[in-house]
Amino acid sequence: IKNIYFFHIMKKHILYSFRRCPFAIRARWAIKMCELEVELREIDLKNKPTDLIKKSLSKTVPLLILNNGDVIEESLDIIIWALKNSPRNYIERYFKKNYREIILEIIHENDHIFKHHLDRFKYASRFNPNKKEYHFKNAQKFLKRLNIALSQSNKNRWLIGDQESIADWCIWPFVRQFK
């Protein structure tokens, strides 16, 4: 009798992304930094894939479909997943317990306050063109606080603490968009 071996070929996790979306950029960055492999699927926002539409409540990117079928829709959740699943267990390195509350606070401010003003100044024609300058100045306030934090940091120039953290990962794509 011959031995029969069945090999389970592990499907890769699938990350739906859009090249310029800052939320997708930071999800891709975390996956890269955590040395994880995914199948990257860049999408056309005007012609979204059926799989993305079926699996996503928000119908937007980033969207991570794990090889077990689970879905992660929020970029910050994708980052936390990447940290927990990294081969080197990076959660403590990039999301230190001592700084978690501060890290989450600055990410929240970026995602909700800064992003609000960024969209309304950068894409003023979609909102209220008369308030473009108002939103520009309010976005600048956040950036000025980041600059102060960076200038006060000792030698490494990270936003929080003396090492790179997910706060740095989460904010740089939005600063890039502001530029």
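Before the first number, a term: a cavity is a set of grid points where a 1.4 Å probe fits but cannot get out. I also keep in mind that this is a predicted model.

Entry one, the cavity. I searched for cavities of 30 Å³ or more and found 1. The largest cavity holds about 50 Å³ of space. I then listed its lining: R93, Y94, F95, K96, Y99 and I103, along with I160, G161, D162, Q163, E164 and S165. Sorted by class, that lining has 5 nonpolar, 4 charged and 3 polar residues.

How much space lies in the largest pocket? I got about 400 Å³. It is lined by 16 residues, and F18, R20, C21, Y123 and Q177 are the closest to its centre. Helices α1, α5 and α7 (166-178) each supply at least two lining residues, and α5 gives the most, with 3. By class I noted 8 nonpolar, 6 charged and 2 polar residues in the pocket lining.

I checked how α1 (residues 22-33) packs with α5 (residues 100-122): the angle is about 160°, and the axes are 13 Å apart. Angles over 145 degrees count as roughly antiparallel, so α1 and α5 get that label. The crossing of α1 past α5 is right-handed. On the α1 side the contact is made by P22, F23 and R26, and on the α5 side by I107, N110, D111 and K115.

Definitions and conventions: Residues numbered from 1 in each chain as written. Predicted model: local features only at pLDDT ≥ 70, side-chain atom pairs only at ≥ 80, totals over all residues. Heavy atoms only, no water. 1 Å grid on protein atoms, 1.4 Å probe; cavity = no way out; pocket = protein on both sides within 12 Å on 5 of 7 lines; lining within 4 Å. Points joined across faces, edges and corners; volume = space filled by probe spheres on them. Nonpolar A, V, L, I, M, F, W, Y, C, P; charged D, E, K, R; others polar. Axes fitted to C-alpha atoms, helices over the stretch in contact; angles between N-to-C directions. Helix = DSSP H or I, 4+ residues; strand = E, 2+ residues; numbered from the N terminus. Parallel < 35°, antiparallel > 145°, perpendicular 65-115°, else oblique. Left-handed = near helix turned anticlockwise from the far one by under 90°. Contact = heavy atoms within 4.5 Å.
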